[in-house]
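Notebook, open at a new page.

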Amino acid sequence: MKKKIINIMLIAIMVIGLTGCGSDVSDNSNSNNNTDNSANNSKTEEKNKYGLGDTFTFDNLELTFDSKYSFTTIKNKYSEHNGKSVIKLGVKVKNIASEKNSLNMFYYSLFGSQGTELDGVTSYFDDTIDFAGDLKPNASYKTYFYILYDGDGKYSIGFDNFSQEVSIEFDVKK
């Protein structure tokens, strides 16, 4: 039995070692073709950008954004954001995985008209994406993103789960 375990461990070490060597070779070959890679990256970036009204898949969820947004106001006298305007953007979320799933609140960031990441204000609203909960396979719900308004301009929501990056960009005018 011990001999079997030792053999399995040796095989695993060899596989890890070979995998590591292979990545060094591919890294060197990629450095010789930087122009080809940058062209491919720009094509990929364009495919991963969406706008209002679009539907895309992220983390085994199908997200369909409303084509219009509205404004609301934060009403919490204990908040530094009390009285500030917020963009309310609806999204339909459908689970296309074979197990329960939901959008992880740590997988997206909100960016304002100046291109800077905005403070999260979801805790001031009950029907927000952050509190939407899990979905069974093929189930869906309608919920909302609440985005702190910092002036007219281009806003975006960046999604990143460390294996996929997608963003939605849209112009806001109050």
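I start with a definition: rings of Phe, Tyr and Trp (its six-membered ring) pair if their centres lie within 6.5 Å, and planes under 30 degrees apart count as stacked, over 60 as edge-to-face and the rest as tilted. This is a predicted model, in which local features need pLDDT of at least 70 and side-chain atom pairs count only at pLDDT 80 or more, while totals for chains, interfaces and linings use all residues. Residues are numbered from 1 along each chain as its sequence is written, and side-chain values use heavy atoms, with hydrogens and water left out.

**Entry 1: aromatic rings**

I looked up the aromatic pairs and found 18 in the structure. One of them joins Tyr-69 and Phe-170; it is tilted, with 6.4 Å from centre to centre and 45 degrees between the planes. Tyr-69 belongs to strand 3 (residues 61-73) and Phe-170 to strand 8 (residues 165-172), so this pair ties together parts that lie 101 residues apart in sequence. Strands here are DSSP runs of E with at least two residues, helices are runs of H or I with at least four, and both are numbered from the N terminus.

Is Phe-170 buried or exposed? I note the cut-offs: buried means under 20% relative accessible area, exposed over 50%, and partly exposed in between (1.4 Å probe, protein chains only). Phe-170 has 3% relative accessibility and counts as buried. Tyr-69 has 23% and counts as partly exposed.

I then checked Phe-125 and Tyr-146. Their ring centres are 3.9 Å apart and their planes are at 0 degrees, so the pair is stacked. Phe-125 sits in the loop between strand 5 (108-111) and strand 6 (140-148), and Tyr-146 in strand 6, so the pair ties together parts 21 residues apart in sequence. Both residues are buried.

I also noted a cluster that is linked by ring pairs: Tyr-50, Phe-56, Phe-58, Phe-65, Tyr-107, Tyr-108, Phe-145, Phe-159 and Phe-162.

**Entry 2: charges over rings**

A charge sits over a ring if NZ of Lys or CZ of Arg is within 6 Å of the ring centre and within 35 degrees of the ring normal. I wrote down Lys-88, which lies over the face of Tyr-144 at 4.4 Å from the ring centre. I also wrote down Lys-174, whose charged end sits over the ring of Phe-71, 5.3 Å from its centre.

**Entry 3: the whole chain**

How many helices and strands does the protein have? I count two helices and eight strands. Read from the N terminus, the order of elements is α-α-β-β-β-β-β-β-β-β. Of the 174 residues in the protein, 29% are buried.

Strands of a sheet pair through backbone hydrogen bonds, either parallel or antiparallel. Two strands count as paired if DSSP finds at least two bridges between them.

I found an open sheet of four strands in the order 2-3-4-6, with antiparallel pairing. Strand 2 (55-58) and strand 6 are at the edges with a single partner strand each, so one side of each has no neighbour in the sheet.

I followed the bridges across this sheet. Strand 2 is joined to strand 3 by four bridges, and Phe-58 stands opposite Leu-61 in strand 3. Strand 3 and strand 4 pair over ten bridges; Glu-62 has Lys-94 in strand 4 as its bridge partner. Strand 4 is joined to strand 6 by nine bridges, where Lys-94 stands opposite Ser-140. In strand 4 (residues 85-95), eight of the eleven residues are buried, so the rest of the structure largely encloses this strand.

**Entry 4: the sheet with strand 8**

The order 1-8-7-5 belongs to an open sheet of four strands with mixed pairing. Its edge strands are strand 1 (49-50) and strand 5, and each pairs on one side only. Strand 1 and strand 8 run parallel and share two bridges. Lys-49 stands opposite Ser-167 in strand 8.

**Entry 5: Val-172**

I ended with Val-172, which is found in strand 8. Val-172 counts as buried at 4% relative accessibility. Which residues does Val-172 touch, not counting residues up to four places away in sequence? Contact means heavy atoms within 4.5 Å. I list Tyr-69, Phe-71, Ile-87, Tyr-149, Asp-152, Gly-153 and Tyr-155. Between Val-172 and Lys-154 I noted 18 residues of separation in sequence and 6.2 Å in space, C-alpha to C-alpha.
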